[in-house]
Amino acid sequence: TSLDAKNMNELNSITNKLLKEKKFEEALFYLDKILEIDPNHTAALLNKGSILVLMNNSEEALTYYDRLLAIDPDNIKGLTSKAAALANIGENLNALELYNKALSIDKNNEKLEKAKARLLSITPTVSSNDLENNDVRYDNKCFGIIAYENWYRLFITNDLDLSLIHI
């Protein structure tokens with residue numbers, strides 16, 4: 001209805017303002033309201049997942065990224081957000097698969113190439129047998145958090161100084 005559309009626009013506006021102010025708890029409240037009106041609102045699913053990652057809740061964030069990707073499997077931001085969340089919890093091989101999928105969709109995306117290279121730079125060397133069994137888990141969460149922070153700064157705020165990153 002038009003009332004829902006009006007409410008949705010108002011909720012989106014409030015949410016965007018809160019995100020810019022880094023008021024994440026409050027933004028989550030409004031994102032939940034948006035998702036009550038439209039459970040398939042892809043921007044709300046993406047933003048809720050990203051906030052949860054920033055609040056150190058990557059595993060819960062994955063549920064929102066999965067919902068987004070079920071609706072739009074080729075959503076580049078959804079793929080890269082999920083990849084960053086997976087890296088944050090040490091699932092670098094699964095994250096790498098998502099970066100590869102995103103790059104298969106957007107072949108000339110330099111930011112994606114750099115994000116993938118950064119992930120590879122913090123992923124331990126594994127044997128081909130481990131890769132086949134998908135049995136490798138990176139245990140140092142610190143590197144996953146750094147990878148997510150770099151991803152966030154590169155894709156969301158665009159304030160990452162790439163000259164400081166050694167790949």
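Modeller: A crossing is called left-handed if the near helix is turned anticlockwise from the far one by less than a right angle, and right-handed if clockwise. Note that this is a predicted model.

Colleague: Which crossing do α2 and α3 make, left-handed or right-handed?

Modeller: The crossing of α2 past α3 is left-handed.

Colleague: What are the angle and the axis distance for that pair?

Modeller: Helix α2, residues 24–37, packs against helix α3, residues 42–54, at about 150°, and the axes are 10 Å apart. Angles over 145 degrees count as roughly antiparallel, so α2 is roughly antiparallel to α3.

Colleague: Which residues meet there?

Modeller: From α2, the residues include Phe24, Leu28, Leu31 and Asp32; from α3, Leu45, Lys48, Ile51 and Leu52 are among them. By class, the contact has 11 nonpolar, 1 polar and 2 charged residues.

Colleague: Moving on to the largest nonpolar core. How many residues, and which have the most contacts inside it?

Modeller: That core has 39 residues, and Ile51, Tyr65, Tyr99 and Leu119 have the most contacts inside it. The elements giving two or more residues to the core are α1 (2–20), α2, α3, α4 (58–71), α5 (76–88), α6 (92–105) and α7 (110–122).

Colleague: Last one, Leu96. Where is it, and what is it in contact with beyond four places in sequence?

Modeller: Leu96 is in helix α6. Apart from neighbours within four places in sequence, Leu96 is in contact with Lys116, Leu119 and Leu120. Its C-alpha atom is 9.5 Å from that of Ala117, which is 21 residues away along the chain.

Note on methods. Residues are numbered from 1 along each chain as its sequence is written. This is a predicted model: local features need pLDDT of at least 70, side-chain atom pairs count only at pLDDT 80 or more; totals for chains, interfaces and linings use all residues. Side-chain values use heavy atoms; hydrogens and water are left out. Axes are lines fitted to C-alpha atoms, for helices over the stretch in contact, and angles run from 0 to 180 degrees between N-to-C directions. Angles under 35 degrees count as roughly parallel, over 145 as roughly antiparallel, 65 to 115 as roughly perpendicular and the rest as oblique. Contact means heavy atoms within 4.5 Å. Ala, Val, Leu, Ile, Met, Phe, Trp, Tyr, Cys and Pro count as nonpolar, Asp, Glu, Lys and Arg as charged, and the others, Gly among them, as polar. A nonpolar core is a set of buried Ala, Val, Leu, Ile, Met, Phe, Trp, Tyr and Cys residues joined through side-chain atoms within 4.5 Å. Buried means under 20% relative accessible area, exposed over 50%, partly exposed in between (1.4 Å probe, protein chains only).
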